[in-house]
Amino acid sequence: MDAISPLASIALAGLIHASFQLSISTLTLLGSRAIGAKVTRVRLVKLVGGFTLGAVIMTLLLLSTTALWLQSIFGSIVPNLAWAMACGLLMGLSVAVWIFYYRREPGTSLWLPRGLARFLMDRTKKTRITAEAFGLGMTSVVAEILFIAGPVIVAALLILGLPPYWQLAGIAVYGLTSLLPFVVVALLIANGYSISKLQRWRSNNKGFLQFIAGCGLIVLAFCVYVNQVSDGIALTGGGF
Amino acid sequence: MTAISYVVKRGGKRPTEAFDPDKLKASIVATCLSVRTPEGQAEATANSVTDVVTRWLDDKPEVTSEDIRRKAAEALAKYHPEAAHLYKHHHMVI
């Protein structure tokens, strides 16, 4: 089937998106604050659920908007030059992830400017109602746009090449894979798993997560290059 | 009589304030609760930690909020290592 290969690449892009940790960090902090403030279990589930929904909707909006924007530029046939640029972006991002995604200090501090990190932490502390948690979930996705831009753009380009009836499936595949670990963490928090154990695991394994995210970007760049750029060059006789 | 210690806030942007044991106790209780410690145990742990920090402050007219956090985390580690880890790293999550 023609759609299987692009859908697999979209799933890979979604998994790379999932390996970025800002939303999970914010969710962990939100859960910890809410439990520490003695909120009821129902309120905790609503806060975590609201946050998750906000992150899901913003991810889907971001992907759909990017796809629409790219379609208005390229139509349904993406030129080889655009694929080659997307590969370059992924390679650049992979190096950036390896070098400065996590700060070199204890804990799980990310690359974010400290002003923005403080703003997110303050907002997380003050979040008490579901609508605020929803907004925080959306903000946490936007705040990481510098890194998720790569997988989102590649997924959007791949979606453009799908037949119309597979495009929604492509968006769904990206949404599901990008938010799978996030939903697992939300369920763990809602079901009473110790947040300090979760945070300790993330802190102890941050180097591995960083390495995997960078490798994933390179693998995706390689897949895109082989499937789109080199195939395209072979078909068009080398023209961009 | 115990002299009042003043706390210089992190980053120096917010004004210096007098040490408030209740504020410290509330933050320790919240941390213990967030690692699912029973409420009574959280209160008892917070009282013990606050006592340690208050005694430590006796001969110090001015300290930073980071000093208090470090000392409180040290004391908390004896009673509840899991909560101490979360307390120590709370501003290093994002």
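1. Which residue takes a positive phi just after helix 2 of chain A? Lys38(A) does, at about 60 degrees. Helices here are DSSP runs of H or I, at least four residues in length, numbered from the N terminus. The model is predicted: local features need pLDDT of at least 70, side-chain atom pairs count only at pLDDT 80 or more, and totals for chains, interfaces and linings use all residues. Residues are numbered from 1 along each chain as its sequence is written, and chains are lettered from A and ligands numbered from 1 in the order in which they are written.

2. Stay with Lys38(A). Lys38(A) lies in the loop between helix 2 and helix 3 (41-74) of chain A. Most residues other than glycine have a negative phi. Lys38(A) has 13 C-beta neighbours inside 10 Å, so it counts as partly exposed. The scale is as follows: buried means 20 or more other C-beta atoms within 10 Å of the residue's own, exposed means 12 or fewer, and partly exposed lies in between, with C-beta atoms placed from the backbone.

3. Chain B has a residue of this kind. Arg36(B) is not a glycine, yet its phi is positive, about 65 degrees. Arg36(B) sits in the loop between helix 1 (21-34) and helix 2 (39-57) of chain B. With 15 other C-beta atoms within 10 Å, Arg36(B) is partly exposed.

4. Helix 1 (residues 4-19) of chain A has 16 residues. Helix 1 of chain A reaches 23 Å from its first C-alpha to its last, close to the 22 Å expected at 1.5 Å a residue. The expected span is 1.5 Å times one less than the number of residues. Of the 16 residues in helix 1 of chain A, 12 are buried, so this helix is largely enclosed by the rest of the structure. Among them are Leu7(A), Ile10(A), Gly14(A) and His17(A). Helix 2 of chain A has 15 residues, and its end C-alpha atoms are 21 Å apart, which agrees with the 21 Å they should span. In helix 2 of chain A, 15 of the 15 residues are buried, so it too is largely enclosed by the rest of the structure.

5. In total, 26 residues of chain A are in contact with 15 residues of chain B. Contact means that C-beta atoms, placed from the backbone, lie within 7 Å. On the side of chain A that touches chain B, the elements giving two or more residues are helix 2 (22-36), helix 5 and helix 9 (195-204). Helix 2 of chain A gives the largest share, 8 residues. By class, this side of chain A has 11 nonpolar, 12 polar and 3 charged residues. Ala, Val, Leu, Ile, Met, Phe, Trp, Tyr, Cys and Pro count as nonpolar; Asp, Glu, Lys and Arg as charged; the others, Gly among them, as polar.

6. Look at Ser196(A) for one example. Ser196(A) is in helix 9 of chain A. It is buried, with 22 other C-beta atoms within 10 Å. Leaving aside neighbours within four places in sequence, Ser196(A) is in contact with Val35(B), Glu82(B), Ala83(B), His85(B) and Leu86(B). Ser196(A) and Ser32(A) are 164 residues apart in sequence and 8.4 Å apart in space, C-alpha to C-alpha.

7. Now a helix pair within chain A. The axes of helix 4 (residues 80-100) and helix 7 (residues 145-160) of chain A come within 9 Å and cross at roughly 155 degrees. Axes are lines fitted to C-alpha atoms, for helices over the stretch in contact, and angles run from 0 to 180 degrees between N-to-C directions. That makes helix 4 of chain A roughly antiparallel to helix 7 of chain A. Angles under 35 degrees count as roughly parallel, over 145 as roughly antiparallel, 65 to 115 as roughly perpendicular and the rest as oblique. The residues of this contact between helix 4 and helix 7 of chain A divide into 11 nonpolar, 1 polar and no charged.

8. Last, a pair in chain B. Helix 2 and helix 3 (residues 65-79) of chain B have axes that come within 9 Å and cross at roughly 135 degrees. That makes helix 2 of chain B oblique to helix 3 of chain B. The contact includes Val49(B), Val52(B) and Trp56(B) of helix 2 of chain B and Ile68(B), Ala72(B) and Tyr79(B) of helix 3 of chain B. Its classes are 9 nonpolar, 2 polar and 1 charged.

Key:
Contact = placed C-beta atoms within 7 Å.
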